[in-house]
Amino acid sequence: MSAEEIMIVKGLKKYFKTTRGIVKAVDDVSFSVMKNETFGLVGESGSGKSTVGHVVMGIYGPTAGSITFMGNDISMGVGRRAKELKKRLQIVFQDPASSLNPRRTIGQILELPLRVHRLAPEGKYRERVLEIMDLIELPREFAERYPGEQGGGEKQAVAIGRALATGPTFIVLDEPTSALDVSIQAKIINMLMKFQKEFDLSYLFITHNLSLMRNVAQRVGIMYLGKIVELAGTPEFFSNPLHPYTKMLLSAVPVITPEEEKLKPEKVTSTGEISGALNVPPGCSFHPRCPFVMDVCSKVVPAQIEYKKGHYVACHLYNQA
Amino acid sequence: MAEQLLEVNDLCVNYKVYEGLLRVLNGVSLSVGSKEKVGIIGESGCGKTTTMKAVMRILATNAVVPSGTIAYKSNDLLKLGRQELMRLHRTSMSMIFQDPTAALNPVFKVGEQLKDIVRYSEFTSNAPTKQEVKTKAVELLKSAALPEPERILDSYPFQLSGGMRQRVCIAMSLASAKDLLIADEPGTSLDVTIEDQIMRLLKQIVEDRGLSVILISHSIGAVKGFVTKLYVMYAGTMVEEAPTDELFSNPVHPYTQNLLKAVPKLTGGGVPEGIAGRIPSYLTIGDGCRFASRCRSAKESCHVHAPPAFDIGNGHRVACFHYGDI
């Protein structure tokens with residue numbers, strides 16, 4: 001690889017024990033994120049995409065597999081991570097209404113990470129908070145206000161400002177705009193793209209919105225029931241989707257222009273629903289919904305192959321040659 | 001013009017709250033013809049659901065309707081007595097809500113809830129037998145493309161997936177929607193492949209049964225393939241109205257233009273600019289154009305007077321003083 005890999009995830013597994021059995025939320029996921037890149041992780045609810053983000057953040061430790069960040073192994077829970085590392089890795093959650101403390105003012109929320117990491121001399125914190133507020137384009141007087149009084153866009157801007165406060169190099173964006181209206185979404189995304197250039201950030205962008213992914217990510221991975229079923233560079237991914245699930249997703253995306261309609265692959269009508277992670281179907285977990293299902297699909301888990309340079313797919317259809 | 005089933009004229013709705021009066025809907029007009037498919041788009045909080053609740057007469061108790069009329073099949077809905085209203089709910093109109101989890105009662109089985117509705121709407125006069133009710137309920141579940149209807153009747157809502165719950169809600173609404181079906185963001189809380197299934201199912205049902213439908217959504221792509229006429233709402237006002245194709249090829253109101261531009265495209269090309277600012281507070285809202293504070297082309301007069309709806313031909317109406325110059 002020419003570009004520098006800032007984050008390498010290898011064979012990542014995260015199982016949860018429940019009273020009804022083991023939930024394999026993430027099952028053998030590997031990918032890497034380059035410096036200054038936006039890597040997109042797409043999937044339906046229950047596909048394990050958020051769990052990947054949470055394990056990367058150390059919210060819980062992995063069951064198996066390794067995570068390497070800037071050359072160091074970080075496959076441990078957050079409790080055992082160095083403070084310096086926490087400064088470098090930040091996250092923005094989906095719903096700003098619940099990720100911001102309603103009883104703290106916006107100023108206090110932005111000040112906390114600065115204090116934790118001692119990022120300003122005593123007495124200068126306030127100044128730094130106001131600088132962050134300029135950055136996220138909030139009027140300075142909002143520092144005294146509470147998040148509950150603000151609109152969704154402003155709240156998410158505060159969550160982004162809080163993530164930026166520590167000067168991170170890598171940010172996990174866990175559906176940062178799913179709770180927002182499209183006009184606000186566009187503003188927040190533009191802000192994130194601007195910060196990426198300005199501060200040399202790398203993003204792990206988690207979303208279920210493929211149209212959005214097309215416009216922000218350099219590479220995209222599609223997850224289904226804990227596995228990455230297809231991974232490719234964005235232009236290749238959208239012009240030549242391989243996996244039947246990818247085709248089904250693309251067929252289902254509502255579009256508004258005729259040009260977009262042309263871009264869609266042959267229509268794969270969506271049928272069935274994602275099964276629970278408790279009883280994952282044997283073999284390829286997508287086979288009960290797949291229109292091209294073969295005998296082998298229900299028996300053997302398809303291996304991930306490199307179909308083209310940089311275009312990986314895990315499907316028996318492409319495995320025969 | 002086709003026969004009109006529903007005609008809302010100059011409707012205003014206010015909410016009384018502790019802080020004062022929220023002037024939410026301001027002069028909303030819309031019409032739905034028989035067997036017509038109509039869509040309403042707009043951001044959250046712009047009054048889409050409030051308009052539909054007014055049509056269903058299920059507004060919260062602190063809502064007041066100072067002016068406007070809602071004509072439904074030769075009835076004036078706003079003046080209808082409770083008995084008459086109930087009769088309409090039972091036999092003519094119904095609504096599907098955004099969140100099927102909230103729309104179903106978690107402590108009763110699907111069968112109990114569905115059968116209640118069946119008993120109430122399908123058998124208005126004579127007392128039906130249990131078997132008749134059940135047969136009808138199974139039939140409704142089948143028409144919502146639910147497999148194993150018997151098992152579903154015997155399940156609690158939490159035992160079903162989101163997509164199945166929404167299908168149950170559709171089945172319930174079909175019991176009484178003989179003329180008008182209002183679907184309030186039916187796919188928004190579901191995954192994209194499931195949303196696609198639900199929308200296809202709805203379209204097929206509506207066409208098979210010859211229903212009129214009002215589809216509310218903030219997902220502009222989802223309404224496009226569904227409806228023939230679109231209304232765009234902003235901050236409690238109708239800003240634009242046009243046949244679907246006309247609206248997408250020739251949006252005239254600055255809000256509509258910006259809204260369409262803000263949708264990320266599958267073809268790429270980067271994320272366009274959003275619309276700066278937010279919906280004004282309904283508590284302090286003035287008399288001018290409600291979009292003026294976010295509009296780049298707003299003139300001084302826009303802040304003073306609200307624009308009326310100008311007819312620009314082909315059933316295209318727009319509420320903007322400067323629609324020609326933008």
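1. Conventions. This is a predicted model, in which local features need pLDDT of at least 70 and side-chain atom pairs count only at pLDDT 80 or more, while totals for chains, interfaces and linings use all residues. Residues are numbered from 1 along each chain as its sequence is written, and chains are lettered from A and ligands numbered from 1 in the order in which they are written.

2. The interface as a whole. Contact joins 34 residues of chain B to 34 residues of chain A, two residues being in contact if their C-beta atoms, placed from the backbone, lie within 7 Å. On the side of chain B that touches chain A, H8, helix H9 (220–224) and helix H11 (254–262) of chain B each supply at least two residues, and the largest share, five residues, comes from H8(B). Helices (H or I, at least four residues) and strands (E, at least two) are DSSP runs, numbered from the N terminus. That side of chain B divides into 14 nonpolar, 13 polar and seven charged residues, where Ala, Val, Leu, Ile, Met, Phe, Trp, Tyr, Cys and Pro count as nonpolar, Asp, Glu, Lys and Arg as charged, and the others, Gly among them, as polar.

3. The axes of helix H10 (residues 244–252) of chain A and helix H8 (residues 192–209) of chain B come within 8 Å and cross at roughly 55 degrees, with axes fitted to C-alpha atoms over the stretch in contact and angles running from 0 to 180 degrees between N-to-C directions. H10(A) is therefore oblique to H8(B), since angles under 35 degrees count as roughly parallel, over 145 as roughly antiparallel, 65 to 115 as roughly perpendicular and the rest as oblique. A:Met248, A:Leu249 and A:Ala252 in H10(A) meet B:Val192, B:Thr193 and B:Asp196 in H8(B), and the residues of this contact comprise four nonpolar, one polar and one charged.

4. The antiparallel sheet of chain B. Four strands of chain B form an open sheet in the order E2-E1-E4-E5, with antiparallel pairing; two strands pair if DSSP finds at least two bridges between them. Strand E2 (20–33) and strand E5 (75–76) of chain B are at the edges with a single partner strand each, so one side of each has no neighbour in the sheet. Strand E4 (residues 63–72) of chain B pairs with E5(B) over two bridges, and B:Ala71 has B:Asp76 in E5(B) as its bridge partner. Helix H1 (residues 48–56) of chain B packs on this sheet, touching strand E1 (4–17), E2 and E4 of chain B, and its direction makes about 110 degrees with that of E1(B).

5. A covered strand. In strand E7 (residues 180–184) of chain B, five of its five residues are buried, that is, each has 20 or more other C-beta atoms within 10 Å of its own, these atoms being placed from the backbone. B:Leu180, B:Ile182 and B:Asp184 lie on one side and B:Leu181 and B:Ala183 on the other. E7(B) runs parallel to strand E6 (residues 93–96) of chain B, joined by four bridges, and parallel to strand E8 (residues 212–217) of chain B, joined by five bridges.

6. A loop residue in chain A. A:Thr177 is found in the loop between strand E7 (170–174) and helix H7 (182–199) of chain A, and A:Thr177 is buried, with 26 other C-beta atoms within 10 Å.

Key. A residue is buried if 20 or more other C-beta atoms lie within 10 Å of its own, exposed if 12 or fewer, and partly exposed in between; C-beta atoms are placed from the backbone.
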